[in-house]
Amino acid sequence: MIEDLRTLVEVESPSRDVEALTASAKAVADVIEKHLGGQAALIESPSGPHVGWSGGGEPKVLLLGHHDTVFPLGSLERRPFTVENGRATGPGVFDMLGGIVQAVHGVALLDDRSGVEILVTSDEEVGSHASRALIEERALACGAVLVFEGAAEDGAVKTGRKGCGTFEVTVRGRASHAGLEPEAGVNALVEAAHQVLDIAALGRPGAGTTVTPTVASAGTVDNVVPAEASVVVDVRVETTEEKERIESAFAALTPHLDGAEVSVRGGIGRPPMPESASAGLFALAQTLCPGLEGTAVGGGSDGNFTAALGVPTLDGLGAVGGGAHADHEYLVVDAMAQRAHLVAGLIDAIRNT
């Protein structure tokens, strides 16, 4: 398992780099074919190839992952794959190349692999726009989904996720000389400041809704009233009702200053994954692994899409470790085989229910 992980990590796979993702998809396909036989298909997309594999027979369970990572080319040179003191480190080990390896080795433990499908996509980190339809199609066909994103703290599986999305608010004003005639302008930065306060007030922590302005820009030079400003906002919601409320509120934003214009792009692209979607599968997992914990988390995954369709979905079955998207990302080596055995047990349990 460690050598397979090394193979995948050492083929860097930053999102949107189709050439790199093509090489990565081939490496994933090779690992699958080496352990499971058959042929892993490369499914072309504008975001790079997805990888699909089937054990044949009537589909019963979809093992879902992604091979794109957030790390740019060259990260491997700075942080080469290393195994030391029980931890594997390197770009993407936790999110989520380790999960792919565990999924493959879990299926390899089974003498009968019928009913099992594997789908490893190329664009999860950038919104899954080129893979969502395929994910939803295969999830509906299979009827149960196991997602191999990294585990939560202490190895807990992820039983719920917030819906998440990004909005970009653009403000247009009118430029003028800041010293000679500031009153002739419409200050887009001042208008954006009003909008930021309005937007931040949309959050409802008690309902699990967070609305966080994260990136802002405005102006050109220091003696010109800025004619344009923009604000990027991260949104997380726990319920469909809150999703609808937030999207309606952004659509209804209006300017405070005469002459200013406000426009909005974006939305909540990943619907919430309610804990009810994972309840049955989590119960099965607990019978196989007594003491296994489950938790709801704020981040989104492709499991949000499958759960929103009503397909039973359990997430966080991937690597035990931490530091996703950070330089200190790591995977606990001793947990890899345990997780693979859990995968095999879950597949058998699902096929027999």
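Me: How many cavities of 30 Å³ or more are there by this rule, and what makes a space a cavity?
Reply: The count comes to 3 cavities of 30 Å³ or more, where a cavity is a set of points, on a 1 Å grid over the protein atoms alone, at which a 1.4 Å probe fits but cannot get out. The largest cavity holds about 50 Å³ of space, a volume being the space filled by probe spheres set on points that are joined across faces, edges and corners. This is a predicted model, in which local features need pLDDT of at least 70 and side-chain atom pairs count only at pLDDT 80 or more, whereas totals for chains, interfaces and linings use all residues. Residues are numbered from 1 along each chain as its sequence is written, and side-chain values use heavy atoms, with hydrogens and water left out.

Me: Which residues line the largest cavity?
Reply: Its lining is made up of L8, V9, V11, E12, S13, T69, F71, P72, S75, P91 and L97, and a residue counts as lining if it has an atom within 4 Å of a point.

Me: What makes the space lined by E124 and C164 a pocket?
Reply: A pocket is an open set of points with protein on both sides within 12 Å along at least five of seven lines. About 660 Å³ of space lies in the largest pocket, and of the 28 residues that line it, those closest to its centre are E124, C164, R236, R270 and G300. The elements that give two or more residues to this lining are helix 4, strand 8, strand 9 (163–172), strand 11 (228–237) and strand 12 (261–270); helices (H or I, at least four residues) and strands (E, at least two) are DSSP runs numbered from the N terminus.

Me: Why is G55 called partly exposed?
Reply: Buried means under 20% relative accessible area and exposed over 50%, with partly exposed in between (1.4 Å probe, protein chains only), so at 29% relative accessibility G55 counts as partly exposed. G55 is found in the loop between strand 2 and strand 3, and it touches R113, S114 and V116, leaving aside residues up to four places away in sequence, where a contact means heavy atoms within 4.5 Å.

Me: How do you know that strand 2 is largely enclosed by the rest of the structure?
Reply: Strand 2 has 5 residues and 4 of them are buried, so it is largely enclosed. Strand 2 is joined to strand 1 (residues 41–43) by 3 bridges in the antiparallel sense, and it also pairs antiparallel with strand 6 over 4 bridges; two strands pair if DSSP finds at least two bridges between them. The bridge partner of I43 is H50, while G52 stands opposite L119 in strand 6.

Me: What makes the 51 residues that include L5 and L146 a nonpolar core?
Reply: A nonpolar core is a set of buried Ala, Val, Leu, Ile, Met, Phe, Trp, Tyr and Cys residues joined through side-chain atoms within 4.5 Å. The largest such set has 51 residues, and those with the most contacts inside it are L5, I32, L63, L146, L314 and I347. L146 touches residues including V61, L281, L314 and I347.

Me: Why are the buried residues of helix 8 placed on the same side of it?
Reply: The buried residues of helix 8 are L281, F282 and A285. They cover an arc of only 100 degrees around the axis, which puts them on the same side of helix 8, the arc being that of the directions from the helix axis to the C-beta atoms. What covers these buried residues includes strand 7 (145–147), strand 13 (294–297) and helix 10.
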